[in-house]
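Have the structure open while you read.

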Amino acid sequence: MSDSCHVNPLQQLNSKNNLQFDNQHHTTFSHISSNVGSSSGYHAKETAFMNQGQNGMPQNILHHHQGPLSPMGQGPLSPMSNGSSSRQLGHTQSNISDVSDEWLNQFSSMKVHDPLEFSNDYKRLYESYIRNSTMGTPTPARSRQPIQQQQQQQTNTHVNYRPLLSRDHQSGYFPSYRTAQPIASQWTTNAPLSAPEFETTNGQGSIDSYFDLEFNNVENELQKQETESTSQEQMNFEQVEFQKHAKDIVRSCTPDVPASPDQTTSSQLHSKFASSKFMGLMRKVSDGVVTIKKTERELFTPETGEVVGNEYFPVLDERQEQL
Amino acid sequence: MLRYHTQGFSGYGLQYSPYFDNKIALATGSNFGLIGNGKLFLLDIERNGQIRESNSFLTQDCLFDIAWNELQANQVLTAQGDGSLRLFDITLKQYPIAIFKEHEREVLSCDWNLVSKNKFVSSSWDGDVKIWSPTRSQGSLLTLKPRHADTPITGSRVDTIEARSKQIPLSNQREHNLDTNQNKSCVYQAQFSPHDDNIIISSSGSSMVSLFDLRVNSQSSNGSVPQFDFMAHGGLEALCCDFNKYRPHIIATGGVDSRVKIWDLRMLRSGPMKVHGPYGSQLVCVNEIVGGHELAVRQVKWSPHSSHHLLSTSYDMTACVWNDLSFNGKKVTGKTNMTDAINHGLIKRMDKHTEFVFGADWSLWGQPGIVATTSWDGNTFVWNGLK
């Protein structure tokens with residue numbers, strides 16, 4: 001059969017390699033031939049390639065690979081790790097073997113799209129979840145089990161609840177939310193919580209309602225934080241604006257030159273301005289001595305904290321008939 | 001001259017009661033109305049000349065204007081800084097009997113309809129004028145939208161962007177170099193005509209004075225637009241307006257240009273006094289008082305007893321009573337107050353206030369010419385404006 005008639009691309013490629021580099025194949029894989037259990041180069045390659053599915057990389061590469069594995073310890077290696085493997089092979093083997101292994105590396109680096117595969121975010125969060133649960137964080141007595149067992153539980157139950165829900169107070173993303181419910185306290189301590197246990201104690205409906213409740217709590221707290229920060233910024237902005245307006249008022253009411261004797265009215269007005277309490281306040285505001293309180297509806301001196309002017313008294317926003 | 005001092009509260013608006021000859025309602029704000037509580041004072045003028053506080057109501061926010069209920073002798077309406085209007089019964093304590101809240105910013109004026117008496121009008125910093133019924137606190141009856149100087153004239157080809165990019169030409173005076181665009185939408189005052197319960201005028205920060213006729217259906221997407229408007233104070237803010245009580249077509253306005261202007265509504269649409277400009281009709285008034293005040297004019301009030309007497313208050317800390325020289329009480333004279341070279345028709349200037357003078361009102365009772373003024377200094381003076 002001619003090369004072009006090979007249905008199997010491996011055979012097609014191998015037949016070409018056999019023609020050109022038949023002699024070197026033995027050299028290339030001579031040291032692994034005992035492991036593979038075949039003296040044939042073609043067979044060795046095919047076996048190595050087929051075994052990739054089990055170990056995540058071809059066996060011949062595994063044997064020479066000295067670098068770290070992927071953090072997950074499974075799944076395809078990153079292109080960088082493939083590259084480093086190739087470079088390591090290059091140090092130990094001849095150039096000819098590099099050329100002959102190109103197709104193998106290409107095939108091994110091919111990624112198959114699995115529609116059922118979890119997303120990268122999910123994998124990352126799940127990984128951090130496992131890491132957190134194995135880093136000696138305090139766990140409630142109910143879930144003090146061997147780590148392996150806990151991991152096994154999580155692996156089994158991750159479909160029922162997402163690792164995203166394991167609240168991480170250190171991350172700062174969620175506010176420090178604590179509820180009096182025991183289940184909630186377990187969640188706050190990052191303890192692994194298996195869905196089957198949950199289901200048996202509360203039922204699926206209670207899980208859903210619990211999630212809804214917790215989400216609402218978190219959203220409310222986030223909203224509250226945002227509102228507080230926005231109002232603070234607004235008040236700061238108000239203070240700046242207030243000072244700006246005060247400067248404008250002082251500037252527009254201050255005479256450039258002393259009024260001439262014939263300008264009696266103007267001089268009267270300016271003398272009134274000079275003794276005006278309002279203008280005095282505006283001068284203080286423009287100098288930054290007095291400003292608006294951020295939280296209360298009062299003027300005050302930032303340096304001393306002393307209230308300037310009238311103290312504010314809260315008044316109920318009610319009508320007579322409502323009382 | 002009678003005096004009452006509201007300790008810690010600056011006066012913004014006052015009005016004589018239409019039912020009691022000795023009662024004055026006074027709207028005030030703490031910290032010069034900048035921030036803090038407001039307080040409604042009910043003042044009684046005693047026979048011995050003393051002014052006594054008969055009742056008061058502390059409010060959440062500063063009060064900027066006041067209007068007595070023309071139907072109920074014991075009810076008074078206040079315009080509050082939190083965007084609400086509140087109706088108080090002066091025989092009760094502490095709380096209002098009705099709250100009308102629809103404005104989004106400070107309510108700067110309120111006025112009760114003197115003809116139909118079951119409506120009142122309010123104007124606000126949010127740019128709206130609203131008509132209310134005292135029996136309906138759920139919401140306003142109607143919202144009116146005065147046109148601002150930067151919006152194109154309806155039906156004209158004035159391009160909006162072009163109009164906005166143009167600054168209204170002002171003088172080179174330093175006090176005019178401030179940011180004049182910030183309060184353009186603010187409607188400082190709105191008032192019902194005392195002659196026709198369907199006519200309303202308003203003055204706004206865009207210098208526009210707008211006339212609304214409630215009988216005309218002029219609904220736009222977000223409110224009724226004015227039937228007619230004009231630029232009253234050359235691009236500077238028009239702070240106040242008032243109908244003459246005897247001449248239905250005569251109004252007076254005051255503005256940041258320190259001028260009091262008197263307009264004849266019959267002469268606005270046509271005639272040689274009309275000047276076309278990029279922002280609409282810029283008209284020439286029938287009379288104006290130039291140089292009477294050194295700073296912006298905050299309020300103008302026509303006398304309830306005379307067709308040609310006018311009271312004005314100003315940021316120059318004075319209040320003045322003027323004689324409108326264009327009318328002698330019987331006919332138009334053809335003169336203006338500028339023809340009086342000496343005092344420009346001034347009858348009396350009251351300069352006892354030590355801060356900006358805001359509110360003023362003519363007494364409806366007793367000898368004509370008694371006026372009351374209130375100021376940011378906390379003083380309320382009652383004095384004779386014609387002597």
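This is a predicted model: local features need pLDDT of at least 70, side-chain atom pairs count only at pLDDT 80 or more; totals for chains, interfaces and linings use all residues.

## Where the chains meet

Two residues count as in contact if their C-beta atoms, placed from the backbone, lie within 7 Å. By that rule, the contact takes 24 residues from chain A and 25 from chain B. On the chain B side that touches chain A, strand S5 (51-59) and strand S9 (98-101) are the elements that give two or more residues. Strands here are DSSP runs of E, at least two residues long, and helices are runs of H or I, at least four, numbered from the N terminus.

That side of chain B divides into twelve nonpolar, eight polar and five charged residues.

Residues are numbered from 1 along each chain as its sequence is written, and chains are lettered from A and ligands numbered from 1 in the order in which they are written.

## A sheet in chain B

Chain B has an open, antiparallel sheet of four strands, in the order S20-S21-S22-S25. Strands S20 (238-243) and S25 (287-289) of chain B each have a single partner strand, so one side of each is left without a neighbour in the sheet.

S22 (residues 260-264) of chain B pairs with S25(B) over three bridges, in the antiparallel sense; pairing takes at least two bridges found by DSSP. Look for Lys261(B), whose bridge partner in S25(B) is Glu288(B).

## Chain A and its helix H14

Chain A has 14 helices and three strands. Buried residues make up 12% of its 323 residues; buried means 20 or more other C-beta atoms within 10 Å of a residue's own, with C-beta atoms placed from the backbone.

In helix H14 (residues 277-287) of chain A, the buried residues are Phe278(A), Leu281(A), Met282(A) and Val285(A). They sit on the same side of H14(A), because they cover an arc of only 100 degrees around the axis, taken from the directions from the helix axis to the C-beta atoms. An α-helix has 3.6 residues a turn, so residues three or four places apart point the same way. After H14(A) comes Gly288(A), with a positive phi near 85 degrees.

Notes. Ala, Val, Leu, Ile, Met, Phe, Trp, Tyr, Cys and Pro count as nonpolar, Asp, Glu, Lys and Arg as charged, and the others, Gly among them, as polar.
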